[in-house]
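Subject: Handing over a structure, with notes

Dear colleague,

Please look through it before reading on.

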Amino acid sequence: MRRLFTALLLLALPVLAHGQAACPSGESFDKARAVVADLQRIVTPAGVQDTYAERIGGIDQWIQVRGQDRANPMILFVHGGPSSPAMPSAWQWQRPVEEFFTVAHYDQRGAGKTHRANDPEAVAGDMAIDRYVSDAIEVAEHLRARYGKDKLVLAAHSWGTVVAMHAALKRPDLFHAYVGIGQVIDVRRNERLSFEYGLERARADGNAAAVAELESIAPYPGDAPITRDRIIIARKWPQHYGGLNAYRDAEQDYYYGASLLAPDYDCEDRRAFFAGNVFTLEHVLDEFLQVDFSGVREFPIPVVMFLGRHDYTTPSAPTAEWLDRVQAPYKRAVWFEHAAHMIPWEEPGRTLLALLEHVRPLASAPANPVPPDGR
């Protein structure tokens with residue numbers, strides 16, 4: 001069954017058709033989950049493997065913390081979407097990272113296990129970027145206290161980069177460094193670049209249907225309102241031509257199927273994952289479309305950007321340009337030549353190497369680190 005773009009997620013991920021949110025059952029399926037769960041068990045004496053709810057921002061928000069050694073630096077990972085929690089799919093790439101970092105995820109308000117744990121009506125009135133930012137800061141404070149960390153590495157993907165950039169600007173004292181993956185800088189420019197890529201590829205491919213559909217909303221975004229219907233068309237074809245996953249079309253069985261085997265996600269969590277997509281989009285779309293960090297000229301902590309060479313969901317060019325001109329204690333662009341928007345899933349080995357080479361030293365670096373090339 002094809003995925004439905006009519007229930008669009010803001011930055012990347014078309015939502016599965018409702019029937020695909022069902023969970024299989026049976027002995028073979030249970031055995032497969034047990035194998036993944038056993039592989040994922042942290043068995044080292046100094047390790048940590050916690051999944052729990054904590055009162056954050058007045059609601060119960062679910063947190064997962066994993067690592068082979070509690071003494072390692074801790075990464076707080078702010079997931080994308082919005083409402084696309086990384087907790088049910090991070091097992092596909094994270095296990096090697098856990099040898100060198102303790103990694104914390106949390107399901108944001110309106111997402112996954114957190115969406116399931118709270119009455120949507122009670123949360124609906126507080127779905128704003130400032131609230132998400134306050135939540136992220138509160139999660140960071142909680143993790144520092146619970147796990148005895150002075151500072152954390154703040155990492156974020158896609159929509160999560162909006163939340164995390166604001167958090168880093170507001171509370172730089174909490175963080176060793178910031179890592180942006182699929183970074184959002186200027187939403188309207190991103191929309192234009194993504195649209196232009198899709199149209200160029202469709203024309204080169206001789207795809208008359210795609211060209212006609214894209215031209216029906218041109219110029220995009222232009223001066224007209226960026227409505228859901230226009231976004232759906234504008235995202236559909238760039239993703240079809242690999243702007244979400246390099247060398248793939250927009251289908252993402254690997255990503256959505258991951259939650260079927262995730263040890264800490266059950267069937268009801270999975271249903272909440274998909275229900276939260278639609279719920280959250282309704283409340284944050286208008287505010288998200290106004291996001292623009294291009295005027296930020298100084299960044300208070302070291303910043304590392306992971307850039308997908310083929311990313312036309314949050315195109316990499318605006319991020320690379322922003323990084324060139326921003327003043328920061330340390331800055332580094334790391335290009336992933338065989339990735340688009342889903343960098344850790346697409347190039348997990350390169351992700352680990354980049355974290356070790358460019359990020360881990362910052363967790364114990366002097367206040368004003370100098371990169372090897374003096375940049």
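The notes below go through helices, then loops, then backbone features.

This is a predicted model, in which local features need pLDDT of at least 70 and side-chain atom pairs count only at pLDDT 80 or more, while totals for chains, interfaces and linings use all residues. Residues are numbered from 1 along each chain as its sequence is written, and side-chain values use heavy atoms, with hydrogens and water left out.

Helices and strands are DSSP runs numbered from the N terminus, where a helix is H or I with at least four residues and a strand is E with at least two. The expected span of a helix is 1.5 Å times one less than its number of residues. For helix α4 (residues 129-147), the 19 residues should span 27 Å at 1.5 Å a residue, and this agrees with its end C-alpha atoms, which are 27 Å apart. Buried is used here for under 20% relative accessible area, exposed for over 50%, and partly exposed for what lies in between, with a 1.4 Å probe and protein chains only. Among the buried residues of α4 are Ile-129, Tyr-132, Val-133, Ala-136, Ala-140, Leu-143 and Tyr-147. Just after this helix, Gly-148 takes a positive phi of about 65°.

Helix α10 (residues 267-288) has 22 residues and should span 32 Å at 1.5 Å a residue, which agrees with the 30 Å between its end C-alpha atoms. There is a bend of about 45° in α10 at Glu-282, the bend being the angle between axes fitted to the seven residues ending there and the seven starting there. At the N-terminal end, α10 is capped by Asp-266, a side-chain oxygen of which lies 3.1 Å from the backbone nitrogen of Glu-268.

Helix α1 (residues 27-40) and helix α9 (residues 253-261) have axes that come within 9 Å and cross at roughly 95°, and α1 and α9 are therefore roughly perpendicular to each other. That contact is made by Phe-29, Ala-32, Arg-33 and Val-36 of α1 together with Ser-259, Leu-260 and Leu-261 of α9, contact meaning heavy atoms within 4.5 Å.

Turning to the loops, Thr-313 is found between β7 (303-308) and α11 (316-325). Thr-313 is buried, with a relative accessible area of 1%, and its side chain reaches the backbone oxygen of Gly-243 at 2.9 Å. Gln-327, in the loop between α11 and β8 (331-336), counts as exposed at 53% relative accessibility. Leaving aside its neighbours within four places in sequence, Gln-327 is in contact with Arg-297, Glu-298 and Phe-299.

The backbone deserves a look as well. In the loop between α7 (208-215) and α8 (228-240) lies Pro-219, and the peptide bond from Ala-218 to Pro-219 is cis, with omega near -10°. Pro-221 lies in the loop between α7 and α8 too, and a cis peptide bond with omega of about -5° joins Tyr-220 and Pro-221.

Ser-158, in the loop between β5 (152-157) and α5 (159-170), has a positive phi near 60° although it is a residue other than glycine, and Ser-158 is buried with a relative accessible area of 1%. Tyr-247, in the loop between α8 and α9, has a positive phi near 70°, but Tyr-247 is exposed, with a relative accessible area of 60%.

With kind regards

Key. Polar contact = N/O pair within 3.5 Å; in protein donor to acceptor, adjacent residues only side chain to side chain. Axes fitted to C-alpha atoms, helices over the stretch in contact; angles between N-to-C directions. Parallel < 35°, antiparallel > 145°, perpendicular 65-115°, else oblique.
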